[in-house]
Amino acid sequence: MAALSFRDVRKRFGSGAEVIHGVSIDIADGEFVVLVGPSGCGKSTLLRMLAGLEEITAGEILIDGRVVNDLESKDRDIAMVFQSYALYPHMTVRENMGFSLRLRRADRGTIDARVTQAARILNLDPMLERFPRELSGGQRQRVAMGRAIVRDPKVFLFDEPLSNLDAKLRVAMRAEIKQLHQRLQTTTVYVTHDQIEAMTMADRIVVMHDGMIEQVGTPLELFDRPSNLFVAQFIGSPAMNVFTGTARDHAVEALGAAWPVPDGAGASTGQAVQYGVRPTDLRLAASGVAGRVVVVEPTGAETELLVDVGGRQLTVVTHGRVSARPGEVVYLVPDAARVHVFDGASGRRLQ
Amino acid sequence: MSAAALPAPAARKGLNRWQFWGRALIAPYVVVFAVFVLYPVCYGLWLARHPASYVKLIDDPIFFRTAINTIVFIVVGINLKMLAALALSGFFVQARWWIRILAVLFILPWAVPSIPTILSVRFMLNPEWGVINTTIFRLTGLDGPNWLNDPTLALGFSMLMHVWKSLPFWTLILVAGRLAIPGEQYEAASVDGATRWQKFRFITWPSLRGLYLTSTILSMIWTLGDFNSVYLLTGGGPADLTHVLATLGIRYLRLDQVDLAMASIVVALPLVLPLVYFMMKRLSK
Amino acid sequence: MKRKAIAAEARLLLIGIPVFLWTAIPIYHLLLFAISGRDSATSGRLWPTHPTLQNFSIVFHQQHFYLNHFWVQLGNSLVIALTVGALTLLVATAAAFAISRLKVRGGRLVMNLALFTYFIPAAFLAVPMYKTMGNYGLLNNQWALILAMVTIAAPYCIWVLKQASDKLPWELDEAARIDGASPLQLFRLVYLPLMVPSLVAVGTYALLLAWNEYLYAFLLLSRDDSVTLAVALGNFLAADDSPWELLMATGLVYALPPAAIYYAFRRYMVSGLTAGAVKS
């Protein structure tokens, strides 16, 4: 269990361009932090620098108050779960899990005890004598986690561990990992490109883009108050509707209609802005912004509609069933307290 | 606390363990290379430094004959061998139980050492009691030719021996190349109505072309070094008329003319080195 | 339809039979001589009138001038081949690991130098090697042949091992490092177990290369009791009236181990060796 700190960490590969530009984060002891972002944003690189698998070009990384820049991976007291599990194919599950202790010349008793305990936590008891090739993807992932647990490290690192699993398994494993964290309370840094994983598992989320941090916050903070356009469109599914408009007095003119803004939105009249409203914050009413229904997608509990407003297709999600049919005209009313206005040029939130 | 704006490389105090062991583990081979390749090569080149050696070499009629032999050996032998390998590779990919057994037998010439087999052929060619001549006598009452006494025939048999020994290896390589071609391409061609020749021309050959070229070049290089096929069959005879480059150097060595031995090798380098360079380019991709 | 199938089979047999004859004749002839008495061997018959194992008995009892040191020479061949196999395996495995997994600096250069050595015909290197061994004072010492063969065999072995090694996922090394493995532990506990098939193919290759070698053995060794069986066989050619049937019998004995090993390991050999040669 330990606190982590990244202080102005930078990374450059060889003599190429800088790929991580001054990242600083403080992670509290026992926190479950998710690094999320699109491919190439640098989240994996950052994780690997923490693990000691990549050199830190500039800045410092601290684990439990100690600068670890020059420490080898094995001396950092961390454990890592890889996307491809990285299980040793020629060793049984038991040997895989006990390998790190064996390297440290721990005695048989200790190894057996720790392996058995980890196996019990992860329901791996019946598989201890099997080889990785005999296991399914989900089982292998659990073995990889078991290997990490046996080490009893200060920090758990996860590098996109669920990417190779099918959708259903992913949902089940998400819950398992979260339960594991609640049980062991070990500081965890988890990397993924899937924002749903981030939202469901994290205590706090770090959204990264092009080697920089876009925003750090709890899932709900990021959902309710994204600080810029990138975060607004990255978090939440279906994605937020965003369209160009012009700021007016207490409203935004866009798509040939007037859209309400929350009080205190600091946009000057005539400023170009990006107006953002989540599909769940639009409701169908008797009057409002007019649009023509393009597609109706009932998913049982909710209905997702694509509505053409002023040439732009907006996504609307409503609870329950809807009687509108494609081609019909409907009226949309946004929840004024929950809309977002961003500066047209910089993408920053206007408040 | 935070580093300067200009990114500085993380300081690695001295050699870390991984770099140390990297060097330690590659060292044995580097030593082997330095002591048994680099030094001999440099020493050999130094031995061949006198221009007088080359003059003597060119004046030696044996050298001229050897050069011709070598070129014939390479040009005729290699192409015969590679074409046969190409044809046979098509034969050996057929799925028949007896072809599979034949394939195992076919590897034998390459697998077994060449001395017993070359000597076996040498005895077959013996003019008095060799199996070939006795059979000819039995069938026709005539004496068969003195095979190894005729330089052309002798060289021919050396080439044949070489092909016999190395054909299996190259056939295997081309078989592997053929197996790498997806079967569906042939099936699609069948549906399109292609003949066997067309399938070869439009599917097999384009895929095999690169491998065939690489194999031919490599085979050329190695054939230049085939000492056994000539030495054990003809000894370079009759009258030093069937020497090739590989055996000529040894001949000079045994006559204590080391400078000529080295010179004969150096003279071949302009032919060998470009081929080697070509192979290295191909393989270290 | 049936006629087409028969015609196809006939075509294949038309190729298969000549291939069989071409392959088998020299080997069959060798066998023939080995089991014939002196006179019937040279009589040109297809099968000896009285097949005999007498020749083998003479060979094994070293009952002829040229066979005086048969067992010693056979032993030499064996010992040298095994040593070359083992040494090459050691040197090549270490080098391949350093180049492929440890990414040692200069690894690429060493790999290229090795490839260069592999492509240069061994016969070209023979004369300088002979003189060099003389300079090192190793002539007539079995170590000269051993080290020369290791030098010749190692490059291809390093190449094949590197290719196979590159196929192992990188994450295994990273996981092992995080688990706390030192470079040697990684080598011993993770790398070697996963490379076993390639190691077998490569070790066998080096072993057979040394066993089958003639030129270098012939140049570097000369004392009757220190030469290999290959050289002893070549010495038979010195006289015109050598006992050819004994030579063939000895030759057969000499040829059996490689044939047997190839047959036993044929699957390893084929995949292990063509993997290096064919770049897919």
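This report describes selected features of chains A, B and C in a predicted model.

## Basis of the description

Residues are numbered from 1 along each chain as its sequence is written, while chains are lettered from A and ligands numbered from 1 in the order in which they are written. Because the model is predicted, local features need pLDDT of at least 70 and side-chain atom pairs count only at pLDDT 80 or more, whereas totals for chains, interfaces and linings use all residues.

## Chain C and its interface with chain B

Chain C contains 14 helices and zero strands; helices (H or I, at least four residues) and strands (E, at least two) are DSSP runs, numbered from the N terminus. The C-alpha trace of chain C spans about 75 × 70 × 30 Å along its principal axes. Of its 280 residues, 50% count as buried. A residue is termed buried if 20 or more other C-beta atoms lie within 10 Å of its own, exposed if 12 or fewer, and partly exposed in between, with C-beta atoms placed from the backbone. Among the contacts in chain C with a separation of 6 or more, 77% are made by residues 24 or more positions apart; two residues are in contact if their C-beta atoms, placed from the backbone, lie within 7 Å.

The interface brings 76 residues of chain C into contact with 74 residues of chain B. Helix 1 (residues 2-34) of chain C supplies the largest share of the chain C side, namely twelve residues. By class, the chain C side comprises 58 nonpolar, 16 polar and two charged residues. Here Ala, Val, Leu, Ile, Met, Phe, Trp, Tyr, Cys and Pro count as nonpolar, Asp, Glu, Lys and Arg as charged, and the others, Gly among them, as polar.

## Domains of chains A and B

Chain A is divided into domain 1 (4-234) and domain 2 (241-343), the bounds coming from an automatic or database domain assignment. The centres of these two domains of chain A, taken over C-alpha atoms, are separated by 38 Å. Five residues from domain 1 of chain A and five residues from domain 2 of chain A form the contact. On the domain 1 side there are three nonpolar, two polar and no charged residues.

For chain B, the assignment gives domain 1 (20-49) and domain 2 (62-283). Their centres, taken over C-alpha atoms, lie 31 Å apart. The contact takes four residues from domain 1 of chain B and five residues from domain 2 of chain B, and the domain 1 side has three nonpolar, one polar and no charged residues.

## An open sheet in chain A

Four strands of chain A form an open sheet with the order 2-1-4-5 and antiparallel pairing; two strands pair if DSSP finds at least two bridges between them. Strand 2 (18-27) and strand 5 (66-67) of chain A stand at the edges, each with a single partner strand, so one side of each is left without a neighbour in the sheet. Strand 5 of chain A is joined to strand 4 (residues 58-63) of chain A by two bridges, and the two strands run antiparallel. A:Arg66 in strand 5 is the bridge partner of A:Ile63.

## Helix 3 of chain A

Helix 3 (residues 108-121) of chain A has 14 residues and reaches 20 Å from its first C-alpha to its last, close to the 20 Å expected at 1.5 Å a residue; the expected span is 1.5 Å times one less than the number of residues. Its buried residues are A:Ile111, A:Arg114, A:Val115, A:Ala118 and A:Ala119. Seen down the helix axis, these buried residues fall within an arc of 135°, so they line one face of helix 3; the arc is that of the directions from the helix axis to the C-beta atoms.

Helix 2 (93-103) and helix 4 (137-150) of chain A are included in what covers the buried residues of helix 3. The face turned away from the buried side carries the exposed residues A:Gly109 and A:Arg120. Just after helix 3, A:Asn123 takes a positive phi of about 60°.

## Backbone features in loops of chain A

A:Ala86 lies in the loop between strand 6 (78-81) and helix 2 of chain A. Its phi is near 50°, a positive value in a residue other than glycine. A:Ala86 is buried, with 25 other C-beta atoms within 10 Å.

A:His250, in the loop between strand 11 and strand 12 (251-254) of chain A, has a positive phi near 55°. A:His250 counts as partly exposed, with 13 C-beta neighbours inside 10 Å. In the loop between helix 8 (229-234) and strand 11 (241-248) of chain A lies A:Pro238, and the peptide bond from A:Ser237 to A:Pro238 is cis, with omega near -5°.
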